[in-house]
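Me: Hi! Can you walk me through this one? I'm new to reading structures.
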Amino acid sequence: MRDPLTWIEQTGLGHMMRESGPWTYAIVNVAHILAVSTLFGSVLVLDLRLLGAWSRRIRIADLSTAVTPIAITAFALAIVTGAALLATKATAYVDNPFLLIKFPAIAVGMLNAGILNVTPAWREVGVRALRPGERRQFAIMGGISLLSWLTAVTAGRMIGYW
Amino acid sequence: MKKVAMLLGAFTLSALPAFAHHGWGGNEDKLTDVTGTVTTPVSLAGPHGTMKIRDAQGHVWDVTMAPPARTQQAGVTEKLMPVGSTVTVHGHRNKNQNTYEIKVTKLTFNNKVYDVYPGME
């Protein structure tokens, strides 16, 4: 794990983080927390709906219309700010086990969202009623999503406590 | 829905063990002084000010100070102590005696004491 960490520390991003005053890290940290909380909050709402919450009142298609662009924007901001925070002193995290929990958890969350997005039934959500099997599949994917993002956020916060 | 909410609550709580102050749990309560020469000068980037010093036995210590703005306010700037200068740091070392890492509350350089973690012993 040392090589990629050394690499990111030596990028221009790392230099910028280290050479732009004592408040830079704190400010980028604020942006990262905002991004992560927005991402988690928006994903949480959709995942709960996929798990069956509010199923009689709120249509998945409507909820997804509202929540997905917010989640994607927040995810992009989280990636950029997260890379900047890591690049500041990346090699200090060489032995940090939480990094090895966080990044795979993010990968699982992204993969799950990607698979859901290309699932034929997802494309027809709002167009026709879901079959029970499809509803079950969505519930499982909502659960996987919730678990993976919960793991990512938890492990992410724990990095600072190692 | 209620079950989901409860499960979620349980998860969230399980993620909050009782950390008094983050990162200090792995360090001794007692105070240690280490005198050494600066090998990596003060950096005021990242969550905390940091530097590296080499003690008389040749061990290189990772020195962690307060968050950057507070460390700087205490008078410790990145240019204060050039490489090779002698400094004594005072603080809580890692509980693992083979890990040369110390969270510093005060440091002495050029006969001047810098309170790098005001309010901490």
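Me: In what order do the elements of chain B run from the N terminus on?
Reply: They go α-β-β-β-α-β-β-β. Keep in mind that this is a predicted model.

Me: How many helices and strands does chain B have, then?
Reply: Chain B has two helices and six strands.

Me: And how many of the residues of chain B count as buried?
Reply: The buried share is 32% of the 121 residues in chain B.

Me: What about contacts in chain B, how many join residues at least 24 apart?
Reply: If you take the contacts between residues at least 6 apart in sequence, 50% of them join residues at least 24 apart.

Me: What pLDDT does chain B average?
Reply: The average is 85, and 80% of the residues in chain B score at least 70. Over residues 16–20 of chain B, though, the pLDDT is below 50. Beyond near neighbours in sequence, that stretch has three contacts in the model.

Me: What ipTM does the predictor give the complex?
Reply: The complex gets an ipTM of 0.72, along with a pTM of 0.84.

Me: Switching to chain A now. How are two packed helices described?
Reply: You give the angle between their axes and the distance between the axes.

Me: OK, so at what angle do the axes of H3(A) and H4(A) cross?
Reply: Helix H3 of chain A (residues 24–50) and helix H4 of chain A (residues 60–88) have axes that cross at roughly 150° and come within 7 Å. An angle over 145 degrees counts as roughly antiparallel, so H3(A) and H4(A) are roughly antiparallel to each other.

Me: Is that crossing of H3(A) and H4(A) left-handed or right-handed?
Reply: The crossing is left-handed. As for the residues of the contact between H3(A) and H4(A), 20 are nonpolar, eight are polar and one is charged.

Me: At what angle do H3(A) and H7(A) pack?
Reply: The angle is about 155°, with the axis of H3(A) 8 Å from that of helix H7 of chain A, which covers residues 132–158. H3(A) and H7(A) are therefore roughly antiparallel to each other, and their crossing is left-handed.

Me: Which residues in H3(A) and H7(A) meet?
Reply: On the H3(A) side you'll find Val36(A), Phe40(A), Val43(A), Leu44(A), Asp47(A) and Leu50(A). The residues they meet in H7(A) include Phe138(A), Met141(A), Gly142(A), Ser145(A) and Trp149(A).

Me: How do the residues of that H3(A) and H7(A) contact divide?
Reply: Eleven are nonpolar, two are polar and one is charged.

Methods
Residues are numbered from 1 along each chain as its sequence is written. Chains are lettered from A and ligands numbered from 1 in the order in which they are written. This is a predicted model: local features need pLDDT of at least 70, side-chain atom pairs count only at pLDDT 80 or more; totals for chains, interfaces and linings use all residues. Axes are lines fitted to C-alpha atoms, for helices over the stretch in contact, and angles run from 0 to 180 degrees between N-to-C directions. Helices (H or I, at least four residues) and strands (E, at least two) are DSSP runs, numbered from the N terminus. Angles under 35 degrees count as roughly parallel, over 145 as roughly antiparallel, 65 to 115 as roughly perpendicular and the rest as oblique. A crossing is left-handed if the near helix is turned anticlockwise from the far one by less than a right angle, and right-handed if clockwise. Ala, Val, Leu, Ile, Met, Phe, Trp, Tyr, Cys and Pro count as nonpolar, Asp, Glu, Lys and Arg as charged, and the others, Gly among them, as polar. A residue is buried if 20 or more other C-beta atoms lie within 10 Å of its own, exposed if 12 or fewer, and partly exposed in between; C-beta atoms are placed from the backbone. Two residues are in contact if their C-beta atoms, placed from the backbone, lie within 7 Å. pLDDT is the predictor's confidence in each residue, from 0 to 100.
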